[in-house]
Amino acid sequence: MAAKRFSSRIDTLLLAILIICLVVDVAAIALVLVAVKDPLEMTLAILGCLVLGALLASILVATYYVVDNNILKIVSGPFRATVDISDISSVTATRSLLSSPALSRERLLIEFGNKRKIMVSPKDQRRFLKAIDQQL
């Protein structure tokens, strides 16, 4: 069976928050350029802002899930996780706001292994669940 990739659903509110954070990050860089005179402090502050901006942008554009060869691969920017699908004990719908590789409150709580949990927010939950079920 070919690998199936699922994009994350993106809530409008979360998208707005991420965009505001990116705008504030760019504004912080502009402020540093104007207000900070020490070259080392300026460089460090700008580098910090650029790293934060890159992290936020990568999470926004690269949060997805892949079902392939009995493995669920979870990608959220630079963060990666894998779940052996045969280790999944339950999948339940949730609206939890706990940190997770999900860009929506419409989430699926996946319980697997020895009391491990992760939440995902595939745009097409029905197709995602079907793909996981076919691997079991």
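**Strand pairing, core and surface features of the predicted model**

Strands β3 and β4 run antiparallel and are joined by six bridges. The model in which this pairing occurs is predicted. Within the pair, Ile 71 has Asp 84 of β4 as its bridge partner. Two residues separate the strands in the hairpin of β3 and β4, and Gly 77 of this hairpin adopts a positive phi near 60 degrees.

The pairing of β3 with β4 belongs to an open sheet of four strands, arranged in the order β1-β2-β3-β4 with antiparallel pairing. The edges of this sheet are formed by β1 (residues 4-7) and β4 (residues 79-84), each of which pairs on one side only. From one strand to the next, the twist averages 15 degrees. At the β1 end of the order, β1 and β2 are paired in the antiparallel sense through four bridges; here Ser 7 has Tyr 64 of β2 as its bridge partner. Between β2 and β3, the antiparallel pairing extends over six bridges, and Val 66 is placed opposite Lys 73 of β3.

The hairpin of β2 and β3 also has two residues between its strands. Asn 69 is located in the loop between these two strands, and its phi is near 50 degrees, a positive value in a residue other than glycine. Asn 70 is found in the loop between β2 and β3 as well. Its phi, near 65 degrees, is likewise positive in a residue other than glycine. As to accessibility, Asn 69 has a relative accessible area of 59% and is therefore exposed, the threshold for this class being over 50%. For Asn 70 the relative accessible area is 21%, so this residue counts as partly exposed.

A further open sheet consists of three strands in the order β5-β6-β7, again with antiparallel pairing. Because β5 and β7 each have a single partner strand, they stand at the edges, and one side of each is left without a neighbour in the sheet. Neighbouring strands of this sheet are turned against each other by 20 degrees on average, with direction ignored. Five bridges connect β6 and β7 in the antiparallel sense. In this pairing, Ile 110 stands opposite Ile 118 of β7.

Ile 110 also has a place in the largest nonpolar core, which comprises 17 residues. The residues with the most contacts inside this core are Tyr 65, Val 67, Leu 72, Ile 110 and Phe 128. At least two core residues are supplied by each of β2 (63-68), β3 (71-76), β6 (107-112), β7 (116-120) and α3 (125-135). Strands β2 and β3 are members of the four-stranded sheet, whereas β6 and β7 are members of the three-stranded sheet. In soluble globular proteins, nonpolar side chains tend to be buried together.

Nonpolar residues are also present on the surface. Ile 10, Leu 15, Ile 19 and Val 23 form a nonpolar patch there, with about 310 Å² of accessible area together. One of these residues, Leu 15, lies in helix α1, which spans residues 12-35. The relative accessibility of Leu 15 is 31%, and this residue therefore counts as partly exposed.

With regard to charged side chains, the structure contains one salt bridge. This contact is made by the side chains of Arg 95 and Glu 106, with a distance of 2.0 Å from N to O. The two residues are 11 residues apart, and both Arg 95 and Glu 106 are located in the loop between β5 (88-94) and β6. Side chains of opposite charge can pair when their charged atoms come close. Arg 95 has a relative accessible area of 44% and is thus partly exposed. Glu 106, with a relative accessible area of 33%, is also partly exposed.

Key. Residues numbered from 1 in each chain as written. Predicted model: local features only at pLDDT ≥ 70, side-chain atom pairs only at ≥ 80, totals over all residues. Heavy atoms only, no water. Core = buried A, V, L, I, M, F, W, Y, C linked by side-chain atoms within 4.5 Å. Buried < 20%, exposed > 50% of the residue type's maximum accessible area, 1.4 Å probe, protein only. Pairing = 2+ DSSP bridges. Axes fitted to C-alpha atoms, helices over the stretch in contact; angles between N-to-C directions. Patch = residues over 30% accessible without salt bridge, like charges linked within 9 Å, V, L, I, M, F, W, Y side chains within 5 Å. Areas by Shrake-Rupley, 256 points an atom, 1.4 Å probe, with all protein chains shown as cover. Salt bridge = Lys/Arg side-chain N within 4 Å of Asp/Glu carboxyl O.
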